[in-house]
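My entries follow in the order I made them.

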Amino acid sequence: MGSGRLQGRVHAHTGPDATVWWTARSYVQLAVVRARLEADAEAVMQEAAAEQRRQAADQRAAAAEQRRLAAEDRRLAAEQEAQEQRAEQERLTAFFEHAGIKAALWPAFMQLVRSASGKAVACGDQSPAHGNGLLLYSRQHEASAFQLAGVVCPDPSALARWPADLTILVPGRAWLLRIEKAAQSPLKVAVLDPITRRCAYERVGPRR
């Protein structure tokens, strides 16, 4: 009678070693549901891991693209700077001949000027009124206007009426000696050697 009540409720199962056991249908259904849930959870975890891998790959690709764009910007900026330097050197060819300065040393000379002044500096033109020296302008802040700050390598013959507060800039001791010999009034001279990268400030006056 007991076996009649269990009929249809339990099922026989045989294991690999021929062991036989009995399981109720409800347990089988629970096991199936559990297996499906575990499979679904595993699928979700695998999909999440795959999504993380995709996101990591996308981030690496985006970072690589940013590095490439940054490198391209640096390259273009360097090319533009080089073009501007070449154009500036071509513009100043006559001045280089006048001053006896090699064009290749001019960027180093200007770097010394900017470092020494601590200001933004811009080159003007050669000025016949200043002995064909090159006019240099500077400004303290971006909002302020450029003002005449000095003259590079003026011909000594132009020093007779030279303003006492207008700095003369020269690239070496040879030019300083020329200024000293021709000085007829107190002068301010900045010696900025582009080869040694040394700066010196001199007060020059007429010889007695």
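**Sheet**

I traced an open sheet of six strands in the order β3-β4-β5-β6-β7-β8, with mixed pairing. At its edges I find β3 (120–127) and β8 (198–204), each of which pairs on one side only. On average, neighbouring strands of this sheet are turned by 30° against each other, direction ignored.

The model is predicted, and I looked up its confidence before going further. The protein chain has a mean pLDDT of 86, and 86% of its residues reach 70 or more. Confidence is lowest in helix α1 (residues 2–6), with a mean of 49. It is highest in strand β6 (residues 167–170), at 96.

**Strand pairs**

I then went through pairs of strands. Strand β4 (residues 133–139) and strand β5 (residues 147–152) are antiparallel and share five bridges. In that pair I noted Ser138, whose bridge partner in β5 is Gln147.

β5 and β6 are paired in the parallel sense, over three bridges. Here Gly150 stands opposite Thr167 of β6. β6 and β7 also run parallel and are joined by three bridges. For this pair I wrote down Val170, which stands opposite Val191 in β7.

Which way do the side chains of β6 point? Thr167 and Leu169 point one way, Ile168 and Val170 point the other way, and all are buried.

**Helices against the sheet**

β6, helix α5 (residues 173–182) and β7 form a β-α-β unit, and the unit is right-handed.

Helix α4 (residues 106–117) I found lying across β3, β4, β5, β6, β7 (187–193) and β8. Its direction is at about 125° to β3.

**Phe95**

I picked Phe95, which is in helix α3 (residues 93–99). Is Phe95 buried or exposed? Its relative accessible area is 1%, and buried means under 20%, so Phe95 counts as buried.

Leaving out neighbours within four places in sequence, I list its contacts as Ile101, Trp106, Gln126, Asn132, Gly133, Leu134, Val152 and Cys153. For Gly133 I also took the C-alpha separation from Phe95, which is 7.5 Å, with the two residues 38 apart along the chain.

**Gln126**

Gln126 is on the contact list of Phe95, and I followed it to strand β3. At 28% relative accessibility, Gln126 is partly exposed. Not counting residues up to four places away in sequence, Gln126 touches Ala94, Phe95, His98, Asn132, Gly133 and Leu134. The C-alpha atoms of Gln126 and His98 are 9.8 Å apart, and 28 residues separate the two in sequence.

**His130**

I moved on to the loop between β3 and β4, where His130 is found. Why does His130 count as buried? Its relative accessibility is 18%, and the cut-off for buried is under 20%, so His130 falls on the buried side.

Residues up to four places away in sequence aside, His130 touches Leu135, Leu148, Val151, Pro154, Asp155, Ala158, Trp162 and Leu166.

**Cysteines**

How many disulfides are there? The count comes to zero, by the rule that the sulfur atoms of a cysteine pair must lie within 2.5 Å. Cys123 is partly exposed, at a relative accessible area of 23%. Cys153 is buried, at 0%.

**Positive phi**

Most residues other than glycine have a negative phi. I noted two residues with a positive value.

Cys153 is one of them, with phi near 55°. Cys153 is in the loop between β5 and β6, and I already had this residue as a contact of Phe95.

Arg197 is another, with a positive phi of about 60° although it is not a glycine. Arg197 is in the loop between β7 and β8. Cys153, by contrast, I have down as buried, at 0%.

Technical notes:
Residues numbered from 1 in each chain as written. Predicted model: local features only at pLDDT ≥ 70, side-chain atom pairs only at ≥ 80, totals over all residues. Heavy atoms only, no water. pLDDT = per-residue confidence, 0-100. Helix = DSSP H or I, 4+ residues; strand = E, 2+ residues; numbered from the N terminus. Pairing = 2+ DSSP bridges. Axes fitted to C-alpha atoms, helices over the stretch in contact; angles between N-to-C directions. Contact = heavy atoms within 4.5 Å. Buried < 20%, exposed > 50% of the residue type's maximum accessible area, 1.4 Å probe, protein only. Right-handed = clockwise from strand over helix to strand, strands pointing away.
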